[in-house]
Amino acid sequence: MKRPRKLPPLNALRAFEAAARQLSFKRAAEELHVTPAAVSHQVRALESQLGVALFQRLHRALALTPAGARYLPALSEAFDRLDEASAALHARARTPRLVLSVVPSFGANWLVPRLGQFRARHPAIDLVVLSSAQLVDFARDPVDVGLRFGPGGWPGVRADLLLAEEYLPVASPRLARGKRPLRRPEDLRRHTLLHDENHDAWRAWLASAGVTGVDPERGMVFSDSSQLVAAAAAGQGVALARKLLAEPYLRSRALVRPFRGSVPAEFAYYVVCAEARAQEPAIRAFRDWILKAAR
(Lines give C-alpha, C1' and ligand atoms only; values in the text may rest on other atoms or scores of the structure.)
Protein backbone atom coordinates (compact mmCIF):
# COMPACT_ATOMS: atom_id res chain seq x y z
CA MET A 1 0.00 0.00 0.00
CA LYS A 2 1.26 3.46 -0.90
CA ARG A 3 2.44 5.40 2.15
CA PRO A 4 0.51 8.55 3.07
CA ARG A 5 2.02 11.76 1.74
CA LYS A 6 3.73 13.97 4.34
CA LEU A 7 3.90 17.31 2.57
CA PRO A 8 4.89 20.68 4.02
CA PRO A 9 2.21 23.41 3.94
CA LEU A 10 1.46 24.60 0.41
CA ASN A 11 1.92 28.29 1.30
CA ALA A 12 5.42 27.58 2.62
CA LEU A 13 6.33 25.68 -0.56
CA ARG A 14 5.01 28.51 -2.73
CA ALA A 15 6.96 31.09 -0.72
CA PHE A 16 10.22 29.14 -1.07
CA GLU A 17 9.72 28.41 -4.79
CA ALA A 18 9.01 32.05 -5.62
CA ALA A 19 11.88 33.38 -3.47
CA ALA A 20 14.27 30.79 -4.92
CA ARG A 21 13.41 31.75 -8.50
CA GLN A 22 13.63 35.48 -7.76
CA LEU A 23 16.47 35.20 -5.19
CA SER A 24 14.57 37.92 -3.36
CA PHE A 25 11.98 37.88 -0.58
CA LYS A 26 10.71 41.26 -1.79
CA ARG A 27 10.08 40.20 -5.39
CA ALA A 28 8.57 36.91 -4.21
CA ALA A 29 6.23 38.90 -1.94
CA GLU A 30 5.11 41.03 -4.90
CA GLU A 31 4.42 37.89 -6.96
CA LEU A 32 2.41 36.28 -4.17
CA HIS A 33 0.68 39.49 -3.05
CA VAL A 34 1.94 39.25 0.54
CA THR A 35 4.57 41.10 2.57
CA PRO A 36 8.32 40.27 2.48
CA ALA A 37 8.10 39.44 6.18
CA ALA A 38 5.39 36.86 5.46
CA VAL A 39 7.57 35.21 2.80
CA SER A 40 10.55 35.13 5.15
CA HIS A 41 8.41 33.62 7.91
CA GLN A 42 7.05 30.90 5.61
CA VAL A 43 10.54 30.00 4.40
CA ARG A 44 11.92 29.76 7.94
CA ALA A 45 9.01 27.52 8.93
CA LEU A 46 9.72 25.28 5.92
CA GLU A 47 13.41 25.07 6.77
CA SER A 48 12.51 24.16 10.36
CA GLN A 49 10.11 21.41 9.23
CA LEU A 50 12.61 19.97 6.73
CA GLY A 51 15.54 20.32 9.13
CA VAL A 52 17.80 21.88 6.51
CA ALA A 53 18.78 25.41 5.43
CA LEU A 54 17.51 26.34 1.98
CA PHE A 55 19.01 29.86 1.68
CA GLN A 56 22.19 31.61 2.57
CA ARG A 57 21.09 35.03 3.84
CA LEU A 58 23.78 37.42 2.68
CA HIS A 59 23.99 41.18 3.12
CA ARG A 60 21.26 42.55 0.86
CA ALA A 61 21.15 39.28 -1.11
CA LEU A 62 19.96 35.67 -1.05
CA ALA A 63 21.71 32.57 -2.33
CA LEU A 64 20.54 28.99 -2.45
CA THR A 65 22.24 26.38 -0.38
CA PRO A 66 23.05 23.08 -2.14
CA ALA A 67 19.90 21.61 -0.57
CA GLY A 68 17.80 24.55 -1.78
CA ALA A 69 19.27 24.24 -5.28
CA ARG A 70 18.27 20.56 -5.39
CA TYR A 71 14.79 21.27 -4.04
CA LEU A 72 13.86 24.11 -6.43
CA PRO A 73 13.60 22.20 -9.79
CA ALA A 74 11.27 19.56 -8.34
CA LEU A 75 9.01 22.18 -6.78
CA SER A 76 8.95 24.33 -9.92
CA GLU A 77 8.01 21.30 -12.03
CA ALA A 78 5.26 20.32 -9.57
CA PHE A 79 3.78 23.84 -9.59
CA ASP A 80 3.98 23.95 -13.39
CA ARG A 81 2.04 20.68 -13.64
CA LEU A 82 -0.58 21.92 -11.18
CA ASP A 83 -0.93 25.11 -13.19
CA GLU A 84 -1.30 23.21 -16.48
CA ALA A 85 -3.85 20.79 -15.00
CA SER A 86 -5.88 23.63 -13.50
CA ALA A 87 -5.81 25.56 -16.79
CA ALA A 88 -6.97 22.46 -18.68
CA LEU A 89 -9.87 21.96 -16.27
CA HIS A 90 -10.83 25.60 -16.54
CA ALA A 91 -10.80 25.42 -20.34
CA ARG A 92 -12.87 22.23 -20.21
CA ALA A 93 -15.39 23.87 -17.92
CA ARG A 94 -15.84 26.67 -20.47
CA THR A 95 -16.33 24.25 -23.39
CA PRO A 96 -20.06 23.93 -24.19
CA ARG A 97 -21.29 20.39 -23.63
CA LEU A 98 -24.63 19.23 -24.99
CA VAL A 99 -26.28 16.03 -23.79
CA LEU A 100 -28.80 14.54 -26.25
CA SER A 101 -31.36 11.84 -25.53
CA VAL A 102 -32.35 10.06 -28.74
CA VAL A 103 -34.71 7.22 -29.64
CA PRO A 104 -32.23 4.41 -30.55
CA SER A 105 -33.63 3.58 -33.98
CA PHE A 106 -33.86 7.23 -35.06
CA GLY A 107 -30.41 7.97 -33.67
CA ALA A 108 -28.73 5.12 -35.55
CA ASN A 109 -30.52 5.54 -38.87
CA TRP A 110 -31.05 9.28 -39.21
CA LEU A 111 -29.18 11.36 -36.64
CA VAL A 112 -25.74 9.75 -36.38
CA PRO A 113 -24.97 9.86 -40.14
CA ARG A 114 -25.60 13.64 -40.03
CA LEU A 115 -23.80 14.57 -36.82
CA GLY A 116 -20.59 15.31 -38.71
CA GLN A 117 -22.36 18.29 -40.28
CA PHE A 118 -23.17 19.71 -36.84
CA ARG A 119 -19.62 19.16 -35.60
CA ALA A 120 -18.26 20.93 -38.68
CA ARG A 121 -20.45 23.97 -37.95
CA HIS A 122 -19.98 23.96 -34.17
CA PRO A 123 -16.62 22.32 -33.34
CA ALA A 124 -16.53 23.96 -29.89
CA ILE A 125 -19.65 22.10 -28.70
CA ASP A 126 -18.98 18.65 -27.27
CA LEU A 127 -21.85 16.20 -27.81
CA VAL A 128 -22.92 13.34 -25.57
CA VAL A 129 -25.51 11.11 -27.27
CA LEU A 130 -27.65 8.91 -25.01
CA SER A 131 -29.83 6.24 -26.63
CA SER A 132 -33.09 5.80 -24.76
CA ALA A 133 -36.72 5.16 -25.59
CA GLN A 134 -37.78 6.71 -22.29
CA LEU A 135 -39.27 10.20 -22.15
CA VAL A 136 -36.84 12.68 -20.62
CA ASP A 137 -37.79 14.56 -17.47
CA PHE A 138 -35.83 17.78 -17.96
CA ALA A 139 -36.36 18.74 -14.33
CA ARG A 140 -34.64 15.57 -13.15
CA ASP A 141 -32.48 14.04 -15.90
CA PRO A 142 -29.06 15.48 -16.90
CA VAL A 143 -30.18 15.97 -20.51
CA ASP A 144 -30.22 19.19 -22.55
CA VAL A 145 -32.08 18.18 -25.72
CA GLY A 146 -34.28 15.24 -26.64
CA LEU A 147 -35.40 13.78 -29.97
CA ARG A 148 -38.80 12.20 -29.36
CA PHE A 149 -41.28 10.24 -31.41
CA GLY A 150 -44.68 11.13 -30.04
CA PRO A 151 -47.77 13.31 -30.19
CA GLY A 152 -46.14 16.60 -29.11
CA GLY A 153 -47.76 18.99 -26.67
CA TRP A 154 -45.74 17.96 -23.61
CA PRO A 155 -46.27 20.39 -20.69
CA GLY A 156 -43.31 22.60 -19.77
CA VAL A 157 -41.40 21.48 -22.86
CA ARG A 158 -40.58 23.33 -26.04
CA ALA A 159 -41.32 20.89 -28.88
CA ASP A 160 -40.49 21.77 -32.50
CA LEU A 161 -41.82 19.47 -35.20
CA LEU A 162 -38.83 17.82 -36.82
CA LEU A 163 -40.22 15.25 -39.24
CA ALA A 164 -43.59 13.73 -40.00
CA GLU A 165 -43.60 9.97 -40.43
CA GLU A 166 -45.47 7.35 -42.44
CA TYR A 167 -45.66 3.56 -42.49
CA LEU A 168 -44.97 1.50 -45.59
CA PRO A 169 -44.59 -2.24 -46.25
CA VAL A 170 -41.04 -3.47 -46.90
CA ALA A 171 -39.49 -6.88 -47.50
CA SER A 172 -36.21 -8.39 -48.58
CA PRO A 173 -35.81 -8.78 -52.38
CA ARG A 174 -35.37 -12.52 -51.90
CA LEU A 175 -38.69 -12.80 -50.09
CA ALA A 176 -40.55 -10.47 -52.46
CA ARG A 177 -39.47 -12.47 -55.51
CA GLY A 178 -39.33 -15.94 -53.92
CA LYS A 179 -41.54 -18.99 -54.12
CA ARG A 180 -44.49 -16.96 -52.84
CA PRO A 181 -43.89 -13.65 -54.59
CA LEU A 182 -45.41 -10.43 -53.37
CA ARG A 183 -47.21 -9.09 -56.44
CA ARG A 184 -50.46 -7.84 -54.90
CA PRO A 185 -51.38 -6.83 -51.35
CA GLU A 186 -53.56 -9.94 -51.11
CA ASP A 187 -50.36 -12.02 -51.28
CA LEU A 188 -49.70 -10.98 -47.66
CA ARG A 189 -52.08 -13.77 -46.63
CA ARG A 190 -49.21 -16.20 -47.24
CA HIS A 191 -46.54 -14.27 -45.38
CA THR A 192 -45.56 -13.41 -41.83
CA LEU A 193 -46.32 -9.85 -40.77
CA LEU A 194 -43.70 -7.99 -38.78
CA HIS A 195 -44.90 -5.30 -36.37
CA ASP A 196 -43.56 -2.69 -34.06
CA GLU A 197 -45.74 -2.24 -30.99
CA ASN A 198 -48.35 -0.33 -33.02
CA HIS A 199 -50.68 -3.02 -34.44
CA ASP A 200 -53.04 -0.32 -35.65
CA ALA A 201 -50.60 0.59 -38.40
CA TRP A 202 -51.00 -2.74 -40.24
CA ARG A 203 -54.76 -2.57 -39.74
CA ALA A 204 -54.86 0.94 -41.29
CA TRP A 205 -52.61 -0.04 -44.22
CA LEU A 206 -54.61 -3.18 -45.04
CA ALA A 207 -57.83 -1.17 -44.93
CA SER A 208 -56.38 1.51 -47.22
CA ALA A 209 -55.27 -1.19 -49.69
CA GLY A 210 -58.70 -2.85 -49.59
CA VAL A 211 -57.25 -6.15 -48.36
CA THR A 212 -59.44 -8.58 -46.44
CA GLY A 213 -58.64 -11.97 -45.00
CA VAL A 214 -55.36 -10.88 -43.41
CA ASP A 215 -55.23 -10.80 -39.62
CA PRO A 216 -53.42 -7.56 -38.69
CA GLU A 217 -52.58 -8.97 -35.24
CA ARG A 218 -50.61 -12.03 -36.34
CA GLY A 219 -46.86 -12.26 -36.83
CA MET A 220 -43.84 -11.09 -34.85
CA VAL A 221 -43.68 -7.94 -32.72
CA PHE A 222 -40.51 -5.91 -32.05
CA SER A 223 -40.27 -3.19 -29.40
CA ASP A 224 -37.22 -1.73 -31.19
CA SER A 225 -38.03 -0.44 -34.67
CA SER A 226 -34.45 -1.00 -35.82
CA GLN A 227 -34.83 -4.71 -35.07
CA LEU A 228 -38.09 -4.73 -36.98
CA VAL A 229 -36.40 -3.40 -40.11
CA ALA A 230 -33.41 -5.73 -39.64
CA ALA A 231 -35.76 -8.72 -39.40
CA ALA A 232 -37.40 -7.73 -42.67
CA ALA A 233 -33.99 -7.38 -44.35
CA ALA A 234 -33.16 -10.89 -43.10
CA GLY A 235 -36.21 -12.25 -44.94
CA GLN A 236 -38.22 -13.12 -41.82
CA GLY A 237 -41.43 -11.49 -43.05
CA VAL A 238 -43.00 -8.31 -44.36
CA ALA A 239 -42.62 -5.29 -42.09
CA LEU A 240 -44.74 -2.21 -41.91
CA ALA A 241 -41.87 0.14 -41.16
CA ARG A 242 -41.43 3.82 -40.54
CA LYS A 243 -40.23 5.40 -43.76
CA LEU A 244 -37.30 7.27 -42.19
CA LEU A 245 -35.91 4.09 -40.68
CA ALA A 246 -36.41 2.03 -43.83
CA GLU A 247 -34.85 4.54 -46.24
CA PRO A 248 -31.18 3.47 -45.76
CA TYR A 249 -32.17 -0.16 -46.43
CA LEU A 250 -34.19 0.84 -49.49
CA ARG A 251 -31.29 2.87 -50.89
CA SER A 252 -28.91 -0.08 -50.47
CA ARG A 253 -31.50 -2.49 -51.90
CA ALA A 254 -31.44 -4.57 -48.74
CA LEU A 255 -35.19 -3.92 -48.72
CA VAL A 256 -37.74 -3.25 -51.43
CA ARG A 257 -41.28 -1.89 -51.41
CA PRO A 258 -43.40 -4.71 -52.86
CA PHE A 259 -46.49 -2.47 -52.94
CA ARG A 260 -47.11 1.24 -53.31
CA GLY A 261 -49.05 3.12 -50.72
CA SER A 262 -48.42 4.20 -47.16
CA VAL A 263 -50.37 5.39 -44.16
CA PRO A 264 -49.51 8.44 -42.06
CA ALA A 265 -48.15 7.76 -38.59
CA GLU A 266 -50.12 9.01 -35.63
CA PHE A 267 -46.92 10.39 -34.10
CA ALA A 268 -44.04 12.49 -35.44
CA TYR A 269 -40.44 13.31 -34.51
CA TYR A 270 -39.84 16.39 -32.36
CA VAL A 271 -36.77 18.17 -31.04
CA VAL A 272 -37.51 19.05 -27.44
CA CYS A 273 -35.93 20.89 -24.53
CA ALA A 274 -36.98 22.55 -21.30
CA GLU A 275 -38.93 25.70 -22.16
CA ALA A 276 -36.86 27.75 -19.71
CA ARG A 277 -33.57 26.75 -21.43
CA ALA A 278 -34.67 27.00 -25.07
CA GLN A 279 -32.55 30.09 -25.81
CA GLU A 280 -29.28 28.85 -24.30
CA PRO A 281 -26.63 29.19 -27.06
CA ALA A 282 -25.67 25.50 -27.41
CA ILE A 283 -29.29 24.31 -27.29
CA ARG A 284 -30.40 26.94 -29.79
CA ALA A 285 -27.49 26.10 -32.11
CA PHE A 286 -28.39 22.40 -32.13
CA ARG A 287 -32.12 23.05 -32.58
CA ASP A 288 -31.52 25.45 -35.49
CA TRP A 289 -29.14 23.01 -37.16
CA ILE A 290 -31.32 19.91 -36.87
CA LEU A 291 -34.48 21.70 -38.05
CA LYS A 292 -32.58 22.89 -41.12
CA ALA A 293 -31.14 19.39 -41.68
CA ALA A 294 -34.65 17.93 -41.52
CA ARG A 295 -35.90 20.40 -44.14
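Helices (H or I, at least four residues) and strands (E, at least two) are DSSP runs, numbered from the N terminus. Select helix 1, residues 10–22, and find Glu17 in it.

Before going on, note that this is a predicted model, in which local features need pLDDT of at least 70 and side-chain atom pairs count only at pLDDT 80 or more, while totals for chains, interfaces and linings use all residues. Residues are numbered from 1 along each chain as its sequence is written, and side-chain values use heavy atoms, with hydrogens and water left out.

**Stop 1: Glu17**

Is Glu17 buried or exposed? Glu17 counts as buried, at 8% relative accessibility. Buried means under 20% relative accessible area, exposed over 50%, and partly exposed in between (1.4 Å probe, protein chains only). Now show Ser76. Its side chain and that of Glu17 are joined by a polar contact of 2.8 Å. A polar contact is a pair of N or O atoms within 3.5 Å; within protein, one must be able to donate a hydrogen and the other to accept it, and residues adjacent in sequence count only if both atoms are side-chain atoms. Leaving out residues up to four places away in sequence, Glu17 touches Leu72, Leu75, Ser76 and Phe79. Contact here means heavy atoms within 4.5 Å.

**Stop 2**

Two strands pair if DSSP finds at least two bridges between them.

Zoom in on strand 3 (residues 97–102). Strand 3 runs parallel to strand 4, and six bridges join them. Which residue of strand 4 is the bridge partner of Arg97? The partner is Asp126.

**Stop 2: the cores**

A nonpolar core is a set of buried Ala, Val, Leu, Ile, Met, Phe, Trp, Tyr and Cys residues joined through side-chain atoms within 4.5 Å. The largest one has 60 residues, and Leu111 and Phe286 are among those with the most contacts inside it. Helix 11 (residues 281–294) gives the most to this core, with eight residues. A second, separate core of 20 residues includes Ala12, Ala19, Val39 and Leu75.

**Stop 3: helix 9**

Select residues 225–233. The buried residues of helix 9 are Ser225, Leu228, Val229, Ala231 and Ala232. They cover an arc of only 155° around the axis, so they sit on the same side of helix 9. The arc is that of the directions from the helix axis to the C-beta atoms. At the start of helix 9, a side-chain oxygen of Asp224 comes within 2.8 Å of the backbone nitrogen of Ser226. After helix 9 comes Gly235, with a positive phi near 80°.

**Stop 4: Ala241**

Move to strand 10, where Ala241 is found. Ala241 counts as buried, at 0% relative accessibility. Leu168 is 73 residues apart from Ala241 along the chain, yet their C-alpha atoms are separated by 5.6 Å. Beyond residues up to four places away in sequence, Ala241 touches several residues, including Leu168, Leu228 and Val229.
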